[in-house]
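Please examine the sequence and the structure shown below.

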Amino acid sequence: MACVLRPAACSVSTGDPLTFERAADRRDALAAPPETYTRWVRTTLARVAGEADAGILFDSTISEPTELLAGVVRRAFNGQVTDRYESVFSAGNRYVARAVAARYGVAPTQVIAATGATSAMAMAIRAFVRRGDHVVVESPCFDLLPALAREAGAEVSFVSRPPPAFDLDPAALQAALRPNTALVLLTQLHNPSGARLSPDALEALATVTRKAGVPLLVDEVYADFAGPEASAWSGVPGVMVANSLTKVHGLFALKCGWLVGSPDHVARVEAANPQGDLGVSKLAHAVAALVLEDLAPFEAHWRSVLDRSRAVMARHAEAMRRAGLIEGALPQDGCMFFPRICGVSDTLALAEQLWTQDHLAVAPGEHFGLGGHIRLGFGGDAEALDRGLARLSAALAARVPKSAHS
C-alpha cells in the first residue's frame, strides 16, 4: 500500500554493503514481496506450517483462551439450548448488541453487529464514501484501511504519525482535509506502533473533524488493552468506533465485531447496508453474547498472557537497544512493538533474509508504510517468544552494520 513515510536517517553511510538499500539487482535474488500485509501474512503462515523451528514474531493477537471458550459452549448447549441462540438475519444478535451497548453506555440501537471490526468499518465506509470522495488515513497504517476506502472509489491521502512517539498533530489533520473529504480513518491503539492517543489528543482530533463536518471512524481492536478510557467513543457527534473480540481477547473463532455511533450515523449505515452483515453466524454470535455478558475470565486470560510476554519483550528490547541494534521505546499498552532497525533501510529484504536464513518471521515496516522498522507481536507463549527474540537479537547482530551498533 502507498501509505508512505520515509524513515529517519540511519547512522551508517548509504555506501555500506550491509545496508539493505532497495536495488533491483538485490531484490531479484529474493522472493518477490507480496503487495499487501494481508497477503504477506498468508504467505508467511503457509511457509511456517510444518516448520518446527520457525520463530513467529509478528502475531499481535492474544493466544486463544480455548478452554474458557469451550466451557462457554458446553454450558450453552448442554441440555437446553441457550436463549442467546437466535436468528441474526438483518438485525444481528440482540444480546450482542445489548452487551456492547452496556460497555459503551449507549442504546442497543446504536450498535451494529458484524463479523469483525473490518466488516463493521466496511459497512460504515459504504455508507459515507462515494466514488470520487476523499478519505484521510493515518500513516504508518494498517494497509486494510486505505484498501477499504479505495474499494469504495475514494481518493486516499495520508496524515503523518511520525516516530518515535507516533502522535498525530491536530493541525496536520486539519491541513489534510479537503472540501470533498468524506471520512477520516484512525486506529487506537495505533497499528503498527502500539502508541496510544490520550483522551485529550482524541478530543482535539475529533474537534477538528467535527468542525469540518467530516465523520471520524476509529478502529479500536487494540484499545481494550489500555482500558475504557482509551476509547475514542465519548458520545461526541461525528465519531464512530469499531471493535471486536478478536485481538485483545483472542476470540477470532467467534467472528464477532461491532460498530458504535450516534443514532444518525447508525441509521445511515443501516440504510446503506439494508441486509446487515450477511456473514454473521447465528451460532458464533450466540456464544459471543455469553462471552460479552461475562468477560471477566477472558480479561483475566489476556492479562495473564500479556504479563508474562511483556516482561520477555521488555527485557530483549532493552538488550537490543543497548547493543545498538534497534531504536524505539516499547509502548505502554498492548502486544505490538515497532522498533527501527539501526543501519537498515530496506526491511522487506531484511525480513526475507531472516526467514530464509534464520527461520524467523517478522513483519517488515514497508507493509505499514515505514521502511526501516519491523513490527513485532508478543501476545502468545512467553517461552517461545523468549527463544525467538534471542535468535532475532543474534541475527540482527550478525547483519546490522557494525558502525550502527559499535
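F225 and W302 are both buried, a term that denotes under 20% relative accessible area, computed with a 1.4 Å probe on protein chains only. The model is a predicted one, in which local features need pLDDT of at least 70 and side-chain atom pairs count only at pLDDT 80 or more, while totals for chains, interfaces and linings use all residues. Residues are numbered from 1 along each chain as its sequence is written, and side-chain values use heavy atoms, with hydrogens and water left out.

**Aromatic pairs**

A pair of aromatic rings is described by the distance of the centres and the angle of the planes. Rings of Phe, Tyr and Trp (the six-membered ring of Trp) pair if their centres lie within 6.5 Å; planes under 30 degrees apart count as stacked, over 60 as edge-to-face and the rest as tilted. Nine aromatic pairs are found in a search of the whole structure. Two of them are set out here.

| Pair | Distance of centres | Angle of planes | Class |
|---|---|---|---|
| Y37 and F142 | 6.4 Å | 80° | edge-to-face |
| F225 and W302 | 5.1 Å | 85° | edge-to-face |

F142 belongs to the loop between β3 and α6 and Y37 to helix α2 (residues 37-48), so this pair ties together parts that are 105 residues apart in sequence. Here helices (H or I, at least four residues) and strands (E, at least two) are DSSP runs, numbered from the N terminus. Y37 and F142 are both buried. F225 is located in the loop between β6 and β7 (239-244) and W302 in helix α11 (residues 296-322), so their pair ties together parts that are 77 residues apart in sequence. Ring pairs also link Y37, W40, F58, F142, F166, F338 and F368 into a cluster.

**Charges over rings**

A charge sits over a ring if NZ of Lys or CZ of Arg is within 6 Å of the ring centre and within 35 degrees of the ring normal. R84 lies over the face of Y95, at 4.2 Å from the ring centre, and K282 lies over the face of Y85, at 4.4 Å from the ring centre.

**The sheet**

Seven strands form an open sheet with mixed pairing, in the order β2-β8-β7-β6-β5-β3-β4; two strands pair if DSSP finds at least two bridges between them. At the edges are β2 (111-114) and β4 (155-160), each of which pairs on one side only. Strands β5 (residues 181-187) and β6 (residues 216-219) run parallel and are joined by four bridges. V184 stands opposite L216 in β6.

Notes
Buried < 20%, exposed > 50% of the residue type's maximum accessible area, 1.4 Å probe, protein only.
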